Amino acid sequence: MRHVVNNHKDNVQFGVNLDVTSYTEGVRETHNPPGRALPLVVWDYYKNGCSLRLLNPQSFSSTVWNVLSTLQELFGCMVGANTYLTPPSTQGFAPHYDDIEAFVVQLEGKKHWRVYNPRNSSEMLPQFSSGNFTDGDLGEPILETILEAGDLLYFPRGFIHQGDCLPDAHSLHITVSSFQRNSWLDLLDKLLPAALQIAAEEDVEFRKGLPLDYLDYMGVQNVESSDPRRKNFIEKTQVLMRKLAEYAPVDAAVDQKAKAFLHDCLPPVLTPAEKGHSVHGAPARWENGEVKDGIIQLEKDTSVRFLRGGIARLCSEGEACVLYYSTDNSRVYHQEAPKSIEVNAEHVEAIEYLLHCYPQCVTVESIPCEDLDDKLAVASMLFEKGLLITKEQLTPLASSEENE
């Protein structure tokens with residue numbers, strides 16, 4: 001892979017950055033030794049028929065990072081990747097399905113793929129990936145094809161798949177994954193506990209005690225019972241479930257999903273223009289014991305906008321408002337803690353305004369704050385965090401010595 005990050009290229013770890021796998025006669029194995037993956041050892045595994053899976057190639061390759069960060073902005077969810085190198089006449093993985101939407105891009109060589117429908121309704125759009133299947137678990141494939149360099153294959157979440165190499169060619173492909181943990185179920189997983197907490201605080205019906213004798217007629221052992229108390233108990237439960245919807249803080253649950261997404265995100269790859277119009281391109285240097293070109297000042301007529309859509313989210317945290325953002329994330333998944341800024345109450349409307357105006361530029365003067373000092377304070381704070389860019393490239397103020 002090209003565009004390698006220097007601080008990572010010499011520290012590839014088995015089981016962390018690289019997996020060595022094989023699938024022979026229906027048996028799937030992982031062969032990772034402990035420690036660093038040194039080239040001589042890795043290529044020896046490959047020459048002996050093992051497949052190599054490079055995990056999170058975006059932490060090594062700027063090209064992959066750029067593609068994934070662009071797709072995550074488009075899809076509104078985390079986008080990841082793995083790269084697979086497979087020797088001729090071998091297969092590295094057993095048939096299985098995944099909990100992600102998968103896009104396979106063939107980079108070199110060829111690979112023979114077979115894709116199968118979910119076996120039953122419970123395996124459609126699964127929440128988790130499957131274990132390993134054998135050919136006996138599968139029916140006929142719905143798709144059988146050979147990918148060559150430049151080809152793309154998509155299979156949805158839950159579709160069983162397996163790929164093997166032909167005798168005359170190796171295979172190098174990258175699998176781009178998206179939409180993991182991004183279903184209604186995952187939203188409800190955050191929503192229902194919050195709704196129960198609110199209901200418990202606001203509605204005495206949820207706090208009333210259960211009937212003293214409910215164990216006598218409820219439970220699996222009493223399913224066949226004709227006791228009329230069962231009907232009353234079930235109806236009461238259903239009433240409370242319907243009532244629970246009235247207390248569901250849907251927006252707050254969505255914000256919880258958004259916070260998790262921003263923590264999962266890759267940081268955006270800045271274009272030269274974005275660098276030149278943001279704090280990342282602001283010139284600052286040390287010369288003869290002095291800081292030179294280190295001051296940039298926004299003015300009331302400076303036009304600004306957020307760097308990208310979806311890089312920041314304003315959320316309520318109890319009595320506080322917090323702006324979560326992804327621009328300071330690492331290219332290594334969750335290497336950094338979530339990034340956030342606590343926002344003063346008087347500045348919340350200003351940040352909402354800037355978020356809603358994207359992708360249009362607006363002047364600092366138009367930001368809804370009480371006075372110009374507050375407008376400049378909000379814009380400068382976001383600019384210095386790398387969240388805002390200016391319409392025009394800014395030039396640093398001359399130093400006091402130069403002014404003299």
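This is a predicted model: local features need pLDDT of at least 70, side-chain atom pairs count only at pLDDT 80 or more; totals for chains, interfaces and linings use all residues.
**Entry 1: surface patch**

I looked for nonpolar side chains on the surface. L38, L40 and V41 make a nonpolar patch of about 300 Å². I then placed L40, which sits in helix α2, residues 39-47. Its relative accessibility is 76%, so I noted L40 as exposed.

**Entry 2: salt bridges**

I took the total for the structure, which is 16 salt bridges. Side chains of opposite charge can pair when their charged atoms come close. I looked up several of the pairs.

I began with D19 and R53, whose closest N and O atoms are 2.8 Å apart. I checked the accessibility of the pair and found both D19 and R53 buried.

Next I went to E101 and R157, which form a salt bridge at 4.0 Å, N to O. I found E101 in strand β5 (residues 101-116) and R157 in the loop between β7 (152-155) and β8 (160-164), so the pair links parts that are 56 residues apart in sequence. E101 is at 12% relative accessibility and therefore counts as buried. R157 has a relative accessible area of 12%, so R157 is buried.

The side chains of K208 and E205 also form a salt bridge, at 2.7 Å from N to O. I put E205 down as partly exposed because its relative accessibility is 22%, where buried would need under 20%.

I also noted a network: E73, E274 and R308 are joined by salt bridges that share partners.

**Entry 3: helix α6**

I checked the length of helix α6, which has 17 residues (228-244). At 1.5 Å a residue the helix should span 24 Å, and its end C-alpha atoms are 25 Å apart, so the two values agree.

Which residues of α6 are buried? I listed R230, F233, L240 and L244. They cover an arc of only 95° around the axis, so they lie on the same side of α6. An α-helix has 3.6 residues a turn, so residues three or four places apart point the same way.

On the other side of α6 I found P228, K231 and R242 exposed. Last, I asked what the buried residues of α6 pack against. They pack against α4 (184-202) and α5 (214-217).

Notes
Residues are numbered from 1 along each chain as its sequence is written. Side-chain values use heavy atoms; hydrogens and water are left out. Patches are made of residues with over 30% relative accessible area and no salt bridge: like charges are joined within 9 Å, nonpolar side chains (Val, Leu, Ile, Met, Phe, Trp, Tyr) within 5 Å. Accessible areas come from the Shrake-Rupley method with a 1.4 Å probe; for residues, only the protein chains shown count as cover. Helices (H or I, at least four residues) and strands (E, at least two) are DSSP runs, numbered from the N terminus. Buried means under 20% relative accessible area, exposed over 50%, partly exposed in between (1.4 Å probe, protein chains only). The expected span of a helix is 1.5 Å times one less than its number of residues. The arc is that of the directions from the helix axis to the C-beta atoms. Contact means heavy atoms within 4.5 Å.
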